[in-house]
Amino acid sequence: MSNRLASATSPYLLQHADNPVDWWEWSPEAFAEAKRRDMPILLSVGYAACHWCHVMAAESFEDGDVAREMNAGFVNVKVDREERPDVDAVYMQATTALTGHGGWPMTVFLTPDGRPFHAGTYYPPTPRPGMASWRQLLAAIHEAWRDRRDAIEATADELSAALGAASTADVPASPVDVATGSSAITMDAAVAAVRALAADEDREAGGFGRAPKFPPAMVCEFLLRHAATAAPTAELARDLAARTLRAMAHSGMYDQLGGGFARYAVDRAWVVPHFEKMLYDNAQLARVYLHWWRLTGEATGRRIAEETCDWIVAALRTDAGGFASSLDADTTIGTTATPDLYELAEHLPHGGHGVEGLTYVWTPAQLRAELGEDDGAWAGDLLAVTATGTFEAGASTLQLTRDVWADPQQARRWTDIRRRLLARRSSRPQPERDDKVVAAWNGLAIAALAETGGLLGRHDLVECARQAADLLLGVHVEPGSDASRRLLRVSRDGRPGSPAGVLEDYGDVAEGLLTLGAVDGDERWFEAGFDLLDTVLTRFTSPQRPGVLYDVADDRLDAALSGVSRPRDPGDNAYPSGASAAAASLLRAGALTGRNDYREVAEAAMASVEPLMRQAPRFSGWWWAAAQMLLDGPCEVAVVTDEGRRDPLHLTALASTRPGLVVAVGRPGRTLPALLADRPFVAGRSAAYVCRGFVCAAPVTDSDGLRAALLEQ
């Protein structure tokens, strides 16, 4: 028998549709029910690829006795954090305030009007040292609600007041003087950020900090942009990025057979991944590896960029033309697995939803069985597949222990072995896919595919980016939008979901559209990107608080959240914050249009987070990447041509390593974007205009002249 979630569109919610728990979706009806029954709301937040979400579901939510206790004492609400980042953000802030840490599954107990009073993450079915069991917690909350209601109300009032104060706290006075262009974001500050990152580097294993290690794509993007400047720390930045990118490319976190990165590594040396694979990680990483190759010519950068884009298309592309959110961390073994997999599955971690890592790990015996003794031993040595195992139960993740690509003979052997192993792995049970399309993450994917395709001559990748952009503009734009476009956050099977787009959707989709426009020259991408950013200016800012970019539009704040706080988190985490995504796109749009309002809001937003950027560069990587663009002008290049993507001038512009590069391409007479206006051919030939603030140097008509102009401007 199914519960209310059976009618949900979210794959995560559908995973819980057969629970005996009487789940509600987040809705006014759920809050009305809690008020009618005068009982607390039990809010459970997770996402489809989350291993520990599956564990808690199997241990607790699928248990009939536990479900009866939940149903009797609570109104139970299940939320997909990827669909409702506004709900997740508000209550994650409450969770970290109450416990000092966060994570998923997130469990929050609310009053019937939405105020939080107790929170945590995963709870086990039986007590553990320092951790109550789930049923003990339920009983304690129920007893407190019945007998100590005043104390609960006081806690809820105090916590909600604190969260509200944090969301409305004054930002530092903007140190930007628009009239003079002076800013607190200086090259000296960027140099200091690079040195702070160097102090936090793990020189032995690559990356920053200790375990667990997440791929620092945005930090590496900043470092590569900084490395292209004349700063005294340029070489340091280049080497920092290179060590991290090379370590990740050879690691167990990268899928050495199929391409694509796992969400993070549980250990310092990047050996064991948390096996879920996310669109947002891979889109960002494909682009930063491409930029590594563009800056240094490093072949590994090009290979990983291309393989990762190919994986995104092969594994995540949907029939509607967009890209799915993720692949699960766990594999459901089913009935088609071979005996060796059944035996291995008995000893690997079970997540309730499947077996963690089963699709990806290997034993020496499995390698020999597939490849033969000689190739099996060679592959085991190359990939660090050991008798004791590097994962669990004698199984190993696959790492590349040496650069076989430098030796043509070894490269050919590895290519053949890789093909054979991937074919065998493809016959194994595969992780499930969360096939909802998230606007923001598709924006990141559009940027990666368009830029990689444009630079590497992969027109198939550019076409995939175009189709994803068509889906976003055709399905994710609200029907009946006013003059400025309004986004919906998710769709599935080509049908829009109901959650409104949040700031990261607007910023990342604009980034993708403007990048695609720079590659294929289609003015409709520019027009749509500017429309989205107009919505940012009108709906996500406040005249009373210049520099603040809110995560939720002023007319889209959920009623249940309005009594707690309006989400506003400028810190970059696994992907750009809404504020940094919007600021970076506004800065790019200002350079393409000459509009001061775009640039002024971007600079004010950047200035407002300058303390965060200075104190925590690891968690402000996209802000710093945008800062390097700002410090470089930006550098505007208008290419007028009839040749389109085949024009050498256009390809030369795209290949530039200028950190502030902004490109527009089109035929003479185009006025969108405005950077192209009044840019004629020169003596009947294609021409490139290198500008700063729409003040341009003399046009050039050949690639050598363009490269020289880019060095001078």
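1. R81 is buried, with a relative accessible area of 10%; buried here means under 20% relative accessible area, exposed over 50%, and partly exposed in between, with a 1.4 Å probe and protein chains only. The model is predicted, so local features need pLDDT of at least 70 and side-chain atom pairs count only at pLDDT 80 or more, while totals for chains, interfaces and linings use all residues. Residues are numbered from 1 along each chain as its sequence is written, and side-chain values use heavy atoms, with hydrogens and water left out.

2. The position of R81 is the loop between strand 3 (75-80) and helix 5 (85-99). Helices (H or I, at least four residues) and strands (E, at least two) are DSSP runs, numbered from the N terminus. The side chains of R81 and D88 are joined by a polar contact of 3.4 Å. Such a contact is a pair of N or O atoms within 3.5 Å; within protein, one must be able to donate a hydrogen and the other to accept it, and residues adjacent in sequence count only if both atoms are side-chain atoms. Apart from neighbours within four places in sequence, R81 is in contact with V45, G46, Y47, D88, W104 and Y575, contact being heavy atoms within 4.5 Å.

3. The largest nonpolar core has 213 residues, of which W26, L43, Y91, W134, L223 and Y289 touch the most other members. Helix 17 (residues 439-456) supplies the largest share of this core, 11 residues. A second, separate core of 15 residues includes V385, L400, V404 and I417. A nonpolar core is a set of buried Ala, Val, Leu, Ile, Met, Phe, Trp, Tyr and Cys residues joined through side-chain atoms within 4.5 Å.

4. Residues up to four places away in sequence aside, Y91 touches W26, L43, M106, V108, L110, G114, P116, A560, L561 and V564. One of these contacts, G114, lies in the turn of the hairpin formed by strand 4 and strand 5, which has 5 residues between the strands; G114 has a positive phi of about 100°. Strand 4 (residues 106-110) pairs with strand 5 in the antiparallel sense over 4 bridges, where pairing requires that DSSP finds at least two bridges between two strands. H118 in strand 5 is the bridge partner of F109. Strand 5 (residues 116-120) is mostly covered, with 4 of its 5 residues buried.

5. Which residues of helix 27 (residues 703-712) are buried? They are S703, G705, L706, A709 and L710. These residues cover an arc of only 155° around the axis, which puts them on the same side of helix 27; the arc is that of the directions from the helix axis to the C-beta atoms. D704, L711 and E712 are exposed on the other side of helix 27. The cover over the buried residues includes strand 16 (635-640), helix 26 (648-654), strand 17 (661-666) and strand 18 (687-692). At the start of helix 27, the backbone nitrogen of D704 has a side-chain oxygen of D702 within 3.2 Å.

6. Strand 18 and strand 19 run antiparallel and are joined by 2 bridges; V695 in strand 19 is the bridge partner of R692.

7. In helix 14 (residues 364-371), the buried residues include Q366, L367 and L371. They cover an arc of only 110° around the axis, which puts them on the same side of helix 14. Among the elements covering them are helix 13 (339-345), helix 15 (373-383) and helix 16 (408-426). Just after helix 14, G372 has a positive phi of about 90°.

8. L513 is placed in helix 19 (residues 503-520) and counts as buried, at 1% relative accessibility. Not counting residues up to four places away in sequence, L513 touches A469, L473, W525, A528, G529 and L532.
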